[in-house]
Amino acid sequence: MRKDDEKMKKMLCLILAAMCLLAVVSCEKENDETAAAFAVFSYNGVQIPIGAEAAPILTALGGAPKVASTASCYGDDFDRIYEYTSFQVETYTRGGVEYVMKISVINDIEVNVQTPEGVRIGTKREDVLAVYGTPTEESDAALVYLNSSNQSKLQILFRNGAVTGIQYLLLTSG
Amino acid sequence: MKKKWICCCCILLATVSLLAFLQALVMPKYMTKSKEGALIAEYYDEKNGHDVLFVGDCEVYESFTPPTLWEEYGITSYIRGSAQQLAWHSYYLLEETLRYEMPKVVVYNVLALKYGEPQDEAYNRLNLDGMKLSTSKIKAINASMTEDESFASYLFPLLRYHSRWKELAGEDWQYLFHRDRVSHNGYLMQTRVDGGRADITPPPLSDSTLPETSMAYLEKMRALCEETGVELVLIKAPTNDWKYHWYDEWDAQITEYADTHELAYYNFIPSAEEIGIDWNTDTYDKGVHLNVYGAEKLTSYFGAILTERHGLENRKDDAALSAVWAEKLALYVDERNA
């Protein structure tokens, strides 16, 4: 009888441990999925993941009305900016390949410029919080959502409780 | 026993010499490419002190020409600038430089105050590898290192650059034991013209206040200058690109800081037209940096300010000094007209 009890205890412990492991794994997966969503902007059906190779995205977006490039203080690589009516895509170059480094929503002239979750210039702070949940960093001027899976962050800027800017940023380039 | 000691000493000496040789060989030379990497070390060849010392990022070593300042105003100057020189680099470089000389005015360009933390190892190397070993260098290394860097690799760069043996080029052998001069008292000349400025909206600011860390180093620079009796002058070069944009909010903060501490602060962005900068001809990279033609205009404008408002005197009647600067000016004119 005592042996049976011990066996049962061991069995229960094993089951509990397996359940905990499952819970941790599924929780991590859920966080990753949420975080990954913070790293992709889209415009007119074109997905713009932060850190992605820029060439196919820029082709899909069509020619930007304004383009500029800037050499870094040092080295041969150029950073470029493509300005569309209401948003900008910044890129960096490594080994001759351009990658998306930053996406900024700069105004609300184009009404369909918004995050895939529906946040746009003018959205109220409480609505942003309802959509994205608890931020990684918070101040009156900004809510920041870090995405550890691809070293990027979504930064939503506020003035007087309403969104004034939205930025997707790569935290490390190259 | 004596023989043993001599033998040990010889082996030790040979090992140290070999390591020193290897280190000299694999260190980047910055003579034909990325010349800005040679700027910091070049200062130690300078024999005389200076009236004005510039510290800061590329906006100082591309915006002011010491030979022009001498030619037009008889003011001696040196630029201890380097690529993406962050506030803590500037502070420790200033601290180190004040051990060699005591200028009347230190000019600091404020753009780099926007960075509150170390950015990139490559830039750290450009700022720190050229510094002579000193307590200032050690403190600068500690303040500058990014997460993946090691302190030892700054003291013994062989640890960092040993993998360069695969890419050694002719330059590495040619400049193994000496370097050519790449600058004119810290000014890195650019004669190319690539004009026009892109009309890009500056990306929105996430934080309108300058980082506490960089402001703390500005305060250290101010205190050091006060302690040593050197006047600190703050400037912002007239360049104002989308990538290196100087926001009005930052300008207001620096203006307030300067007012509080009774420092002069000259933001040259709104004065570009008055200075005579023509963005079609006076930049070599579409307005990000000034070329030599733009730098001469700004230097000429700033020289008048230094003379009239900061009491710097024309020292051309000093024959020895004039001889030294005549030589510097000739080298400058040669390169400019080449």
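How many residues of chain A are in contact with chain B, and how many of chain B with chain A? In this predicted model, 26 residues of chain A meet 24 residues of chain B. The area buried between the two chains comes to about 2000 Å², with carbon and sulfur atoms giving 60% of that figure.

Polar interactions also feature at this interface. Three salt bridges are counted between chain A and chain B, and seven residue pairs are in polar contact, both partners having pLDDT 80 or more. A salt bridge joins the side chains of Glu90(A) and Lys243(B), at 3.7 Å from N to O. On the side of chain A that touches chain B, the elements giving two or more residues are strands E3 (66-71), E4 (78-83), E5 (87-94), E6 (97-105), E9 (152-159) and E10 (162-170). Of these, E3(A) gives the most, with five residues. By class, this side of chain A divides into 12 nonpolar, seven polar and seven charged residues.

Turning to chain B itself, helix H5 (residues 87-100) packs with helix H7 (residues 135-144) at an angle of about 180°, their axes lying 9 Å apart. Because the angle is over 145 degrees, H5(B) is roughly antiparallel to H7(B). From H5(B), the contact draws on Trp88(B), His89(B), Tyr92(B), Glu95(B), Glu96(B) and Arg99(B); from H7(B), Thr135(B), Ser136(B), Lys139(B), Ala140(B), Ala143(B) and Ser144(B) take part. Sorted by class, the contact between H5(B) and H7(B) has four nonpolar, four polar and four charged residues.

Technical notes
Residues numbered from 1 in each chain as written. Chains lettered and ligands numbered in written order. Predicted model: local features only at pLDDT ≥ 70, side-chain atom pairs only at ≥ 80, totals over all residues. Heavy atoms only, no water. Axes fitted to C-alpha atoms, helices over the stretch in contact; angles between N-to-C directions. Helix = DSSP H or I, 4+ residues; strand = E, 2+ residues; numbered from the N terminus. Parallel < 35°, antiparallel > 145°, perpendicular 65-115°, else oblique. Contact = heavy atoms within 4.5 Å. Nonpolar A, V, L, I, M, F, W, Y, C, P; charged D, E, K, R; others polar. Buried area = accessible area lost by both parts, 1.4 Å probe. Salt bridge = Lys/Arg side-chain N within 4 Å of Asp/Glu carboxyl O. Polar contact = N/O pair within 3.5 Å; in protein donor to acceptor, adjacent residues only side chain to side chain.
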